[in-house]
Amino acid sequence: MRNDPVAVIGLGRFGTALALELVRRGTEVLAIDHRPKVVQSLAGQITHIATADATDPEALRQLGLPDFYRAVCAIGSDLEASILTSSLLVEMEIDDIWAKAVSQQHGRILSRIGVQHVVFPEHDMGERVAHLVSGRMLDYMEVDENFALVKTLPPKEYVGVPLGESSLRRKYGVTVVAVKRPGEEFTYATAETELGYGDVIIVSGRTDQVERFAELP
């Protein structure tokens, strides 16, 4: 992915967390919010930060938004402002536009006006936490509509058996991608890898298959 500067518009919880994480990763960020107190509280933590009305096209032009390759509209609570701001980003022909949506209808509108990437932070987090709360998973990430990565513990029946000699993939349709021994870092799993008690593993596969695998004792 290109490491161009990123404009983040809207500094609620999502926008603030996004902007700070981008800065931590070494990306130059221009953060914009209409609330002076919010902007003041983040001054010094973000590369560039400004108080402005993002629904005002002239304000965005003065901040140089048309020169950005990537921009994120993180406005969620004010649907009108979210849609208007996103439409301005589209009109400015920014190549890579991301926008936060708070409902499916909101997301459809954003897509129709030309936003390339619509995200649903609350929905996605709720879905992820539901997977963690309901089973033995230590972490869960859906990487496509029906494909997921899961961090979990190895089932007893596969402890001490080299992965290449196990029936794991044939029986459950999943692949052990990486293994973390107690006190060590994650390493890639191979056909010779033997799982042990206390290991943590990362497994990939179809969502229903990794969910079923993670439930094994």
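User: Are helix 4 and helix 5 roughly parallel or roughly perpendicular to each other?

Analyst: In this predicted model, local features need pLDDT of at least 70, side-chain atom pairs count only at pLDDT 80 or more, and totals for chains, interfaces and linings use all residues. Residues are numbered from 1 along each chain as its sequence is written, and side-chain values use heavy atoms, with hydrogens and water left out. Helix 4 (residues 79-91) and helix 5 (residues 104-112) pack at an angle of about 20°, with their axes 10 Å apart, where axes are lines fitted to C-alpha atoms, for helices over the stretch in contact, and angles run from 0 to 180 degrees between N-to-C directions. Angles under 35 degrees count as roughly parallel, over 145 as roughly antiparallel, 65 to 115 as roughly perpendicular and the rest as oblique, and helix 4 and helix 5 are therefore roughly parallel.

User: Which residues of helix 5 meet Leu-79, Ser-82, Ile-83 and Ser-86 in helix 4?

Analyst: Helices (H or I, at least four residues) and strands (E, at least two) are DSSP runs, numbered from the N terminus, and contact means heavy atoms within 4.5 Å. The residues that those four in helix 4 meet in helix 5 are His-106, Ile-109 and Leu-110.

User: Is Thr-85 buried or exposed?

Analyst: Thr-85 is found in helix 4, and, leaving aside its neighbours within four places in sequence, Thr-85 is in contact with Ile-9, Ala-54, Thr-55, Cys-73 and Ile-75. Buried means under 20% relative accessible area, exposed over 50%, and partly exposed in between (1.4 Å probe, protein chains only). Because its relative accessible area is 0%, Thr-85 is buried.

User: Which residue in strand 4 is the bridge partner of Ile-9?

Analyst: Ile-9 and Ala-7 point one way from strand 1 (residues 6-9), while Val-6 and Val-8 point the other way, and all are buried. Strand 1 runs parallel to strand 4 (residues 70-73) and is joined to it by four bridges, two strands being paired if DSSP finds at least two bridges between them. The partner of Ile-9 in strand 4 is Cys-73.

User: How far apart in space are Asn-146 and Thr-207, C-alpha to C-alpha?

Analyst: Asn-146 lies in the loop between strand 7 (139-144) and strand 8 (147-152), and it counts as partly exposed because its relative accessibility is 40%. Leaving aside neighbours within four places in sequence, Asn-146 is in contact with Gly-205, Arg-206, Thr-207 and Asp-208. Although Asn-146 and Thr-207 are 61 residues apart in sequence, their C-alpha to C-alpha separation is 5.3 Å.
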